[in-house]
Amino acid sequence: PGREARREHEQRRGLMAHISHNTIPVWSWMAPALACVLLALKFSGLVPVDHIAVLLAAAVFLGASVFASVHHAELLAVRLGEPFGSILLAIAVTVIEIGLIVSIMASDTPGSMTVARDTVFSAVMIVMNGIIGLCMVLGARRHHEQEFQIKGASSALAVLGTLAVFALVLPNYVLTAPGPFYSQIQMIVIGVVSLVLYGTFVFVQTVGHRDYFIAKDEDDAAPNVEDQPSNRTSIISLVLLLVSLTAVVLLSKALSKPIDQTVAALGLPRAFVGVVIAAIVLLPEGIASVRAALLNRLQNSINLAVGSAIASIGLTIPAVAIVSLSSEQPLALGINPANTVLLVLTLFMGTITLGTGRTTVLQGVVHLVIFTVFLLISAVP
């Protein structure tokens, strides 16, 4: 047992040393740099916007910039420590998500008034079932059982469930406006309370009850001071993070119509655009969560995953509400009955899964099964 514990401790050290390496990989600055070059050529009119080669290059640079932005946010997260690191990652991912959603809303393509709803719902389902399920299955395969803080998980689920019902279910049952829409005053109040809930959650996570969101052996697994990025590396990563996020937002605007056309050409419902957006945004963070679970740091995985789902609703809904009200564009938020059933089932199973402080492979398989059915219903309603 002692040898196994030492090996696990060395693995954790290796993970943190890998994340917090004090150099900036070439790809992490090359991707946003090339994206900026393409954007400059596009805005100057030197390249045709709708040419297939330009669109393919934009798609490649978009994906690379997403990974670059999360990489730099992850590096800064190591500098800040938990749970600040998870919050920074969640906010970075949510900014990308908002940029993609707003760009499609501004393009006035068919289905643009539902893209926010479809993306937020897809993000919750991908996080709570896909990412968490995969973390539990792979983590259990290597470590049998894994532990986490019940108080932190239950607090996060309380906020997530409230936000999800306000944003995705309640619009179907209000009387002032026909569902799935909120009236203007209702949308303003829902946007404000979403921000209040998210702000309160962040305060509790970072100040009020920070110990709820830190693993019991966090001190033993914390990186050495010399493993942390230097001030110079941190500043460079902050600049590159801002550049990468800007590139993602602008490239997403250029690709909004092609994404919608591709989904339509495949014969998939327009709501599947939201699944695509959420998958693009959450892929890097999903990889980070799985990697942490494999090294028996499930607390970090839960902080990343559930925190992203909360930020996805708590920040995205107010942002798209502002866009909707300022542009007088209708914003459909209420989900259909089938998706409502899946959401309720997800929150119910999440409460059971994260209510014991321990996870096994069975719980992970249950969430992955729900995720599979979600993909089925999204492609074949």
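Modeller: In this discussion, two residues are in contact when they have heavy atoms within 4.5 Å. The model is a predicted one. By that cut-off, and not counting residues up to four places away in sequence, Asp118 touches Arg270, Ala271 and Gly274.

Colleague: Where does Asp118 lie, and does Asp118 count as buried or exposed?

Modeller: Asp118 lies in helix α5. Its relative accessibility is 10%, and buried means under 20%. Asp118 therefore counts as buried.

Colleague: Why is Ala278 called buried?

Modeller: The relative accessible area of Ala278 is 1%. Since the limit is under 20%, Ala278 is therefore buried. Ala278 has its place in helix α10, residues 272-294.

Colleague: What is in contact with Ala278, leaving aside its neighbours within four places in sequence?

Modeller: Thr119, Ser122, Ala123 and Ile126 are in contact with Ala278.

Colleague: How do you know whether Met187 is buried or exposed?

Modeller: Met187, in helix α7 (residues 184-208), has 7% relative accessibility. That value falls under 20%, so Met187 counts as buried. Apart from neighbours within four places in sequence, Met187 is in contact with Tyr182, Ala321, Ser324, Leu325 and Leu331. Its C-alpha atom is separated by 9.9 Å from that of Leu333, 146 residues apart along the chain.

Colleague: What makes Glu328 exposed?

Modeller: Glu328 has 75% relative accessibility, and exposed means over 50%. Glu328 therefore counts as exposed. This residue is found in the loop between α12 (316-327) and α13 (337-353). Glu328 also has a positive phi of about 55 degrees although it is not a glycine.

Colleague: What is the phi of Asn296, and where does Asn296 lie?

Modeller: Phi of Asn296 is near 60 degrees, a positive value in a residue other than glycine. Asn296 lies in the loop between α10 and α11 (298-314).

Colleague: How are two packed helices described, and what are the values for α5 and α14?

Modeller: The description uses the angle between their axes and the distance between the axes. For helix α5 (residues 115-143) and helix α14 (residues 361-379), the axes come within 7 Å and cross at roughly 145 degrees. Among the residues making this contact are Phe121, Met125, Gly130 and Val137 of α5, and Gly364, His367, Leu368 and Phe371 of α14.

Colleague: How many nonpolar, polar and charged residues does the contact of α5 with α14 have?

Modeller: There are 14 nonpolar and 7 polar residues, and no charged ones. Gly counts as polar in this scheme, so Gly130 and Gly364, both in the contact, belong to the polar class.

Colleague: What makes a set of residues a nonpolar core, and which residues have the most contacts inside the largest one?

Modeller: The members must be buried residues of the listed nonpolar types, joined through side-chain atoms within 4.5 Å. The largest core has 97 residues, and those with the most contacts inside it are Leu160, Val306, Ile310, Ile313 and Leu343. Its largest share, 14 residues, comes from α5. Beyond neighbours within four places in sequence, Ile310 is in contact with Ala156, Val159, Leu160, Leu163, Tyr198 and Phe201.

Colleague: How many helices and strands are in the protein, and what percentage of its residues count as buried?

Modeller: The protein has 14 helices and 2 strands. Of its 381 residues, 53% count as buried.

Terms used:
Residues are numbered from 1 along each chain as its sequence is written. This is a predicted model: local features need pLDDT of at least 70, side-chain atom pairs count only at pLDDT 80 or more; totals for chains, interfaces and linings use all residues. Side-chain values use heavy atoms; hydrogens and water are left out. Axes are lines fitted to C-alpha atoms, for helices over the stretch in contact, and angles run from 0 to 180 degrees between N-to-C directions. Helices (H or I, at least four residues) and strands (E, at least two) are DSSP runs, numbered from the N terminus. Buried means under 20% relative accessible area, exposed over 50%, partly exposed in between (1.4 Å probe, protein chains only).
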